[in-house]
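Good morning, and thank you for joining. Please look at the model on the screen while I go through it.

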Amino acid sequence: MNLKIIWKLIQKEALLVLNDKSILLVLFVAPFLYLFLIGTTYIKKDEEKVSVGVVDMDHTKSSRTFLNKLNATQKVDLNHAYYSLPEANTGISAFDVQGYVYIPYGFEKKLKRKETAPIGLVLNNTRFLPSNDINKAVTLVSLDYAMTSREKFFESKATLPKLARSNADPISVQVNSVYNPTNNYGDFLLPFVLFLILHQTLLIGLSESVASDREKGLMKVGFKDSNNNFINYISGKIGLYLLLFLAYSFFVLLVVFPFFDLPIHGNLMALIGGSVIFLLATTLYGWFFASFFNTETGAMEVIAFTSYPVFLITGVTWSINEMPLIVQFISNLIPLRPFFIFVKKLAIMGVDAPLYLNEIIHLLILLLVGYVAAYFRFRYLQKREPKLGNNRRAPLSTP
Amino acid sequence: MLGNWGIYRVFKRELLRLAQQKSVRNLFIIVPLLAFFLLGAIYYKGALRELPIAVYDNDNSTLSRTYIRFLEASPTFKITHYISSDEDIENAFVKNNVEAVFYIPKDFYKNVLKKIPVQVKIYSNSTNIVFGNLVYRSAVQISQLVSASVAIKRMAPLGIDPSKISGTLLPIQVNSRVLGNPQYNYSYYLIPGLSIVLLQMIVFIAASRAFNNEWKNNSFQGLVAASKGNFLSMLFGKYLAFLTYGLSLCGIVLAVLFPVFGIPIYGNIGSLMTLLFLLITVNIFLGFGLSLLFKNELIALDLAIFYNSPAFVFSGFTFPIWAMPWFNRAYADIIPFTHFLTGFLKVYQLDTPLHFIWPEIGKLLVFLLVGFLLILGGLALNRKLIFPVKKMEAI
């Protein structure tokens, strides 16, 4: 390992980046653009006031009271009144409302007669989040009615009000949402999406650079400039990206997380340490895969399509145990998976070191896998790439 | 006879040119096969069942065991751990990988008998709100069931008209009807949307290299010759070729991916194909616009990727557009997929008649107009490259 050579190669890589508008855009514009665009998308963290319609056939004080209670909940906004079921169904079909509540004739009479008064709830379930929120709100309001009704029954039997209340709901339930007290969408998704943005822009930028070397026949030049030493070559090639994205990781953790009010409950230094291992493993993987592309466009096109599958396969949104074994195996080969678990445990759950040690070991193993894969690929390309002759192309650093 | 028609000659030439390009093979064969089937495999189980939970029964009584039996009987939960201390509760999420911990307090049964209110505490791991919501819904259901059965036992000795029991216990009964994916199947929910967002990205990205790639490879003269210098022949000949590739991808999604993963196709297939045809057409022409505006295909490609990559997030599919700030809502509006998706969900999930998707069709047509405006812009900016023959004649 020769530091002078590595420094020269890093400078050379910086020149390549500066001279390539596409890589420049990917490395210096895309991360900020996406961090802003995607980050602010979830800035309110959760939805409020989901549009809900009403078909009130009863038109009584009781039906209006029920609807007012429902409208007072945070997630529901009763903003469409319909006069018939077909009209309300049209409202759903046109996506004017995400659901509607149907109160049939005789609602009040049944309530007064102490009979069960059925109401209808029709949900547009094409999107799960609003549908769940409406369902939850209607269920909670109807449960509230149940408690009041039972309480009144016990009071009518000369039971003390306090006792009547406890008799009405003898076994209550308290659900504590741990690590995300308001159970909101932003806190659930955003920490991972921010790192996914860094992951993808790093991969696209690095892949473009490596593929560009191959396209322009500069791979061999790079090997020669590194004295055919793998450590020199790979450090020079990926060093710039590593430093840049380490700086971005600092930015995300120190600026973006607080800006979006995202928690970092664990040790910040440990988080940064884990990020270094993750970025190192990712850059080695990135170099390895990019070395199979012969053109910059080819590399970009393919890597751009990995964003959604790579994110979904990590198990952040869907349980990894529900996926087929082969998918679980592939998932475990991607550094993003242990890193996301590490971020979840350390930043969100704030656990102590022994509890995230497995993820660090996993990341280190993947780092080793990436290193070995890159090393053998380097040796292979050294032998395979055409030897430099007198008509060798000048390295970018040469004016 | 068709050979005399410029559009057909360009179409045929383009089909062959695309087939010979490695990048097109990657985009239209390798990427979809890998991505679509990976997505299908991720969600192949469809619904979440048997979430691992831990139970801390600090009472160990008949009633607490009854409560636990209710938990065991629920399809949502699977009790994987029984814990025995407060300390274990803290570590259960990390050490035992459970999604919730149910804590039944000491003297649970005794207090119920003494008519002292008791509370079951549930700690749900809300780092994933999909699990968090499911735990909440099922836990409330089960607890209400147990609570109501105890309440009935207290009411009975006080004297209650049997016909009024249900009305007193549950005065309002909510009868839910779920339209569009009543099974709450994640596979039906996410795979169609995700596969089509990838499909439109593929078409857009490929189209964004349609003209500038010819300039780069010095093959534009061949295109001019095939079209006899007629730009409309170039444009529509290329369009038909890209449309053929795009519709083939639709075929893979609808005829292979969906059946393989058991995803049903609801709705009118004609309306569905109209929407897909329009989405592909819009993306082809927007891509052509970029391709004509930017000589450097890498820059065109960058812009195509930047513009399209967040399409799924902004479409409002998983997080509603109305909950986004105005700037993000505006960005969502300038992505054709956002409007396509609304129409698609109406037809595909709700089986609505065609007239319900006129607003979305109208919006997609506006994007088509934008595509043509971009093409006109490209014509104005790079006319010397697009009409090289005239220049040569002038020389």
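**Overall form of chain A, then selected helices**

Of the 399 residues of chain A, 60% count as buried, where buried means under 20% relative accessible area, exposed over 50%, and partly exposed in between, with a 1.4 Å probe and protein chains only. This is a predicted model, in which local features need pLDDT of at least 70 and side-chain atom pairs count only at pLDDT 80 or more, while totals for chains, interfaces and linings use all residues. Residues are numbered from 1 along each chain as its sequence is written, chains are lettered from A and ligands numbered from 1 in the order in which they are written, and side-chain values use heavy atoms, with hydrogens and water left out.

The secondary structure of chain A comprises 16 helices and five strands; helices (H or I, at least four residues) and strands (E, at least two) are DSSP runs, numbered from the N terminus. Its radius of gyration is 30 Å, whereas a compact globule of 399 residues would have one near 21 Å. That radius is taken over C-alpha atoms, and the globule rule is 2.2 Å times the number of residues to the power 0.38. The C-alpha atoms of chain A fill a box of roughly 100 × 50 × 40 Å along the principal axes.

I turn to helix α1 of chain A, residues 3–19. Its 17 residues reach 24 Å from first C-alpha to last, close to the 24 Å expected at 1.5 Å a residue; the expected span is 1.5 Å times one less than the number of residues. Which residues of α1(A) are buried? They are I5(A), I6(A), L9(A), I10(A), K12(A), E13(A), L16(A) and V17(A). Seen down the axis of α1(A), these fall within an arc of 160°, so they line one face of the helix; the arc is that of the directions from the helix axis to the C-beta atoms. The face turned away from that buried side carries the exposed residues L3(A), K4(A), W7(A), K8(A), L18(A) and N19(A). The cover over the buried residues includes α2, α8, α9 and α10 of chain A.

In chain B, 19 of the 25 residues of α12(B) are buried. Finally, Q200(B) lies in helix α8 of chain B, residues 186–207. Q200(B) is buried, with a relative accessible area of 1%. Leaving aside residues up to four places away in sequence, Q200(B) touches L279(B), N283(B), N308(B), A311(B) and F337(B), contact meaning heavy atoms within 4.5 Å.
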